[in-house]
Each structure stands twice: as C-alpha cells, then as structure tokens.
Amino acid sequence: MHGETKEWIEKAEGDLKGAELLIRSRSRSVRHLVCFACQQSAEKFMKAFLVENNVPFPKTHALTKFLLPLCSEIDADFENLKPFLLILDPYSVHFRYPGEEIAAQEARTAFDAAKKIRRFILGKLDISNQRKLL
C-alpha cells in the first residue's frame, strides 16, 4: 500500500472517529458536525482508493458527481455505494450554515452510511483487521 494511501485512510478514520464521539453526545448543536465529518470521512476513503490505484482526482467534495465515476471506472462495484453517497453529499457545504436543522435520526443515518462506505472501501483495499482502525 502506498504511503499516501495510508495518510488518506488515517484522516478518514479520524473524521469518522470524530463523528462517533459527537453523535454520542446527543447534542442538537453538533449534529451538523456529525454529518459533515461523515461526508469528509467518505470523501477521504474514496480518495485513498483512488490514490492506491494511481488515479488523479480533482479538488472536490462531490462524492457522486466526481469521485464515484472515477472509482467505478476501476471497480464497478462502487456503484453499490451510490445510495450512501447521496445521503452524505449535501453535508459537505449545505448544512454547515444557519437555516437548516438536522434531526437526530438524520445524523445517525449519515453515520451509518459513512461506516458502510468505510467497510466497503477497506475491503477493496484488502486491509485486514478493519475493526482495529476505528
């Protein structure tokens, strides 16, 4: 595995761990951070996969529009992630500003989607002992 791939994975793991800690607080005031961290984690896991496969990618937060097609060119199974990516896509920017409220269940759904994306991509990267990472 490329050293840069490991760096992307470490950042992705950190984002997901942060989301996990925040979701446990059950505070309304941090739900947007839970969702943002989940989106960021998914984005970084996808970028780790692209780095490992020597595929350049644009500076983007668009999971379904830009990163999914790049990953799917390498492995068509990535299309199975589309429902989860669609859940997380809006959290890169939209919910970071006043005017939108995130329900507790919505934060939980985002967290579950991010965990599924993590599991899928770590499997594709053939990383053993996945539970130790988070």
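Biologist: How do helix α1 and α5 pack, and at what angle?

Modeller: Helix α1 (residues 3-25) and α5 pack at about 155 degrees, and their axes are 11 Å apart. That makes α1 roughly antiparallel to α5. Angles under 35 degrees count as roughly parallel, over 145 as roughly antiparallel, 65 to 115 as roughly perpendicular and the rest as oblique. An axis is a line fitted to C-alpha atoms, for helices over the stretch in contact, and angles run from 0 to 180 degrees between N-to-C directions. Helices (H or I, at least four residues) are DSSP runs, numbered from the N terminus.

Biologist: What kind of model is this?

Modeller: This is a predicted model, in which local features need pLDDT of at least 70, side-chain atom pairs count only at pLDDT 80 or more, and totals for chains, interfaces and linings use all residues. Residues are numbered from 1 along each chain as its sequence is written, and side-chain values use heavy atoms, with hydrogens and water left out.

Biologist: Is the crossing of α1 and α5 left-handed or right-handed, and which residues meet?

Modeller: The crossing of α1 and α5 is left-handed, that is, the near helix is turned anticlockwise from the far one by less than a right angle (clockwise would be right-handed). Ile9, Glu13, Leu16, Ala19, Glu20 and Ile23 in α1 meet Ala107, Arg108, Phe111, Ala114, Lys115, Arg118 and Leu122 in α5. This contact has eight nonpolar, no polar and five charged residues. Here Ala, Val, Leu, Ile, Met, Phe, Trp, Tyr, Cys and Pro count as nonpolar, Asp, Glu, Lys and Arg as charged, and the others, Gly among them, as polar. Contact means heavy atoms within 4.5 Å.

Biologist: What about α2 and α5?

Modeller: The axes of α2 and α5 are 9 Å apart, at an angle of about 15 degrees. Helix α2 is therefore roughly parallel to α5. Among the residues making the contact are Cys38, Phe45 and Phe49 of α2, and Ala110, Ile117 and Lys124 of α5. The contact residues divide into 15 nonpolar, no polar and four charged.

Biologist: And how do α2 and α3 cross?

Modeller: The axes of α2 (residues 31-52) and α3 come within 10 Å and cross at roughly 30 degrees. That makes these two helices roughly parallel. Their crossing is left-handed. Residues that meet include Met46 and Phe49 in α2, and Leu67 and Ile74 in α3. By class, the contact of α2 with α3 has ten nonpolar, one polar and two charged residues.

Biologist: Changing topic, where is aspartate 75, and is it buried or exposed?

Modeller: Aspartate 75 lies in the loop between α3 (63-74) and α4 (82-88). Its relative accessible area is 17%, so aspartate 75 is buried. Buried means under 20% relative accessible area, exposed over 50%, and partly exposed in between (1.4 Å probe, protein chains only).

Biologist: What does its side chain do?

Modeller: The side chain of aspartate 75 makes a polar contact with the side chain of lysine 124, at 2.9 Å. A polar contact is a pair of N or O atoms within 3.5 Å; within protein, one must be able to donate a hydrogen and the other to accept it, and residues adjacent in sequence count only if both atoms are side-chain atoms.

Biologist: Which residues does alanine 113 touch?

Modeller: Alanine 113 is in helix α5 (residues 104-124). Not counting residues up to four places away in sequence, alanine 113 touches Phe84, Ile87 and Leu88. Alanine 113 counts as buried because its relative accessibility is 2%.
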